Amino acid sequence: GLWTDGRYFIQAEKQLKGTGISLMKIGEDGVPDIELYIKEQCGGMTVGFDGRVMDMQRGCRLEKDFRIVYDIDLVGEIWHDRPVIIPSEIYPADIEVTGEASDSKFERLRRGMGDADYILISRLEEIAWLYNLRGRDIKHTPVFYGFALVSKTAATLYVMDEKYCKACIGDVRPYEKIFSDIKKLKNCSVMIDENTVSYLIGKSFNSSVKKIIGKSPVEKMKAVKNHREIASTRN
């Protein structure tokens with residue numbers, strides 16, 4: 001089954017024709033939620049998924065009802081001609097566009113963290129906004145693949161290739177290092193958004209780490225546009 005919403009009903013019907021894959025139209029009458037469907041079809045069985053791309057919230061719901069395996073990428077094993085990710089140059093967004101320096105944004109973020117020792121940001125738009133940086137890793141969207149791990153005194157940016165990050169300031173590390181770095185955190189608290197952070201990330205924390213689940217403060221900060229951002233949008 002392929003679950004998708006109304007944006008892709010027409011495309012999916014055309015592309016799935018004759019494949020043996022059923023189209024599940026999310027929100028339509030009689031179409032079960034994917035988790036309910038799995039319960040009905042796979043009671044007592046093991047459910048596997050790629051924990052790197054499953055959000056933490058759904059992964060945690062699945063682990064309550066099934067035995068799960070989350071360290072497999074079966075699609076990757078058979079997709080031999082899969083296009084590789086080619087990192088783009090990461091470049092600064094001008095203050096005339098952003099209207100606020102990155103240092104000021106970090107200061108506001110740290111106030112919004114409350115008692116949390118760290119915050120892990122995985123939403124690409126939030127990272128680009130916070131750092132006043134842009135990229136072209138995704139077509140038609142000026143972002144770059146990355147993670148940001150921010151404490152009350154420091155911040156680390158994780159990117160696909162550091163040599164494309166000449167505009168980046170502060171601590172910059174390889175993208176995949178995020179997993180080993182968060183495993184090193186102990187006896188502290190970390191704020192994470194379970195809707196955007198991956199299940200594998202959520203499972204990578206040491207048991208002594210207190211996970212503070214909630215919306216990223218950056219989401220609200222980014223939503224309130226300053227006068228220069230508004231002017232740029234109009235322009």
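This is a predicted model: local features need pLDDT of at least 70, side-chain atom pairs count only at pLDDT 80 or more; totals for chains, interfaces and linings use all residues.

Modeller: Six strands, in the order β10-β9-β8-β6-β11-β12, make up an open sheet with mixed pairing. Strands pair if DSSP finds at least two bridges between them; strands (E, at least two residues) and helices (H or I, at least four residues) are DSSP runs numbered from the N terminus. The edges are held by β10 (171-174) and β12 (210-213), each with a single partner strand, so one side of each has no neighbour in the sheet. From one strand to the next, the twist averages 25 degrees; such angles run from 0 to 180 degrees between N-to-C directions, with axes as lines fitted to C-alpha atoms, for helices over the stretch in contact.

Residues are numbered from 1 along each chain as its sequence is written, and side-chain values use heavy atoms, with hydrogens and water left out.

Within β12, isoleucine 213 is the residue opposite isoleucine 192. Helix α6 (residues 102-112) lies across β6 (118-121), β8 (146-151), β9 (155-159) and β11, at about 65 degrees to β8. Helix α7 also packs on the sheet, where α7 touches β6, β8 and β9 and makes about 60 degrees with the direction of β8. Contact here means heavy atoms within 4.5 Å.

Glutamate 126 belongs to helix α7 (residues 124-131). Glutamate 126 has a relative accessible area of 3% and is therefore buried, a term for values under 20%, with exposed over 50% and partly exposed in between (1.4 Å probe, protein chains only). Leaving aside residues up to four places away in sequence, glutamate 126 touches Ile121, Ser216, Val218, Glu219 and Lys222.

Glu126 and Ile192 are also among the residues that line the largest cavity, as are Ile121 and Ser216. A cavity is a set of points on a 1 Å grid over the protein atoms alone where a 1.4 Å probe fits but cannot get out, and lining residues have an atom within 4 Å of a point. The volume of the largest cavity is about 40 Å³, counted as the space filled by probe spheres set on the points, which are joined across faces, edges and corners.

Technical notes. On a 1 Å grid over the protein atoms alone, a cavity is a set of points where a 1.4 Å probe fits but cannot get out, and a pocket is an open set with protein on both sides within 12 Å along at least five of seven lines; lining residues have an atom within 4 Å of a point.
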